[in-house]
Amino acid sequence: MNPSTAPFAADDAGLLLLDLDPKLAEQAFADDLADEYEPETFLWISIRQPDGGAHVHYRWTTGGRELGDRVDHQALTAGLNAADWSDITSRHLTERRVGVTLVHAHPLRPILADVTAGLRAPEEVQATFRRIIRNAAEHSGQYALAADPVVPRWMGVGPRLLCRA
């Protein structure tokens, strides 16, 4: 076993010490949180860091991975975009705080029903996304993009789309 990845280590006196990698501890914590939610749920878990940033962990409860990929396939086939993703997933969102951790729980069956029904974000939501893209493009000197901003594709609720390398 590699000493740098072993969960236990001995000090100079031979005492057994717990030596947890913070990433492994976060992953175990996210796994434990997922156990508390209903089947077919996608969890977006944000763990705040001391430097002000956050580590994001995705988790799916039983049946959620397959259903999330199915939702994504239908959404992409229908041409849904990031504004639609934001609007539809927010309709069914449940938030929970656990210390410095924020859990966004998305039940996937209602999201699938909305995607299947052809729901889209209202035009004011689409316009807000285009305005944000236009402002960011202008700020960074990307004037061609600013002239005709396009809202990016559906962001995803399944592992195939969210966990692509």
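This is a predicted model: local features need pLDDT of at least 70, side-chain atom pairs count only at pLDDT 80 or more; totals for chains, interfaces and linings use all residues.
Residues are numbered from 1 along each chain as its sequence is written, and side-chain values use heavy atoms, with hydrogens and water left out.

The protein chain has 7 helices and 6 strands, where helices (H or I, at least four residues) and strands (E, at least two) are DSSP runs numbered from the N terminus. Read from the N terminus, the elements follow the order β-β-α-β-β-α-α-β-β-α-α-α-α. Of the 165 residues in the protein chain, 35% are buried; in this classification buried means under 20% relative accessible area, exposed means over 50%, and partly exposed lies in between (1.4 Å probe, protein chains only). The protein chain exposes about 10100 Å², of which carbon and sulfur atoms supply 56%, the accessible areas being computed by the Shrake-Rupley method with a 1.4 Å probe, and with only the protein chains shown counting as cover for residues. Among contacts (heavy atoms within 4.5 Å) between residues at least 6 apart in sequence, 60% join residues at least 24 apart.

Strands of a sheet pair through backbone hydrogen bonds, either parallel or antiparallel. In this model, an open sheet of 4 strands is arranged in the order β4-β3-β6-β5 with antiparallel pairing, two strands being taken as paired if DSSP finds at least two bridges between them. Strands β4 (54–60) and β5 (94–98) stand at the edges with a single partner strand each, so one side of each is left without a neighbour in the sheet. Neighbouring strands of this sheet are turned against each other by 20° on average, direction ignored; here axes are lines fitted to C-alpha atoms, for helices over the stretch in contact, and angles run from 0 to 180 degrees between N-to-C directions. Helix α1 (residues 22–34) packs on the sheet, where it touches β3, β4, β5 and β6 (101–107), and its direction makes about 40° with that of β4. Strand β3 (residues 41–48) pairs with β4 in the antiparallel sense over 7 bridges, and Phe-42 stands opposite Trp-60 in β4. The antiparallel pairing of β5 with β6 extends over 5 bridges, with Arg-97 opposite Leu-102 in β6. These two strands, β5 and β6, form a hairpin with 2 residues between them, and Gly-99 in the turn has a positive phi of about 60°.

The structure holds 6 aromatic pairs, for which rings of Phe, Tyr and Trp (its six-membered ring) must have their centres within 6.5 Å, with planes under 30 degrees apart counted as stacked, over 60 as edge-to-face and the rest as tilted. Phe-42 and Trp-44 form an edge-to-face pair, with 6.4 Å from centre to centre and 75° between the planes, and both Phe-42 and Trp-44 are buried. The ring centres of Phe-42 and Trp-60 lie 5.4 Å apart with the planes at 25°, so this pair is stacked. Ring pairs link Phe-42, Trp-44, Tyr-58, Trp-60 and Trp-85 into a cluster.

A search of the whole structure finds 7 salt bridges, each defined by a side-chain nitrogen of Lys or Arg within 4 Å of a carboxyl oxygen of Asp or Glu. One of them joins the side chains of Arg-109 and Glu-40 (2.9 Å, N to O), linking helix α4 (residues 108–116), which holds Arg-109, to the loop between α1 and β3, which holds Glu-40, across 69 residues. Arg-109 is partly exposed at a relative accessible area of 42%, and Glu-40 is also partly exposed at 24%. In another salt bridge, the side chains of Arg-160 and Asp-69 meet (3.8 Å, N to O), and the pair links helix α7 (residues 159–162), with Arg-160, to helix α2 (residues 64–77), with Asp-69, 91 residues apart. Arg-160 is exposed, with a relative accessible area of 67%, whereas Asp-69 counts as buried at 15%.
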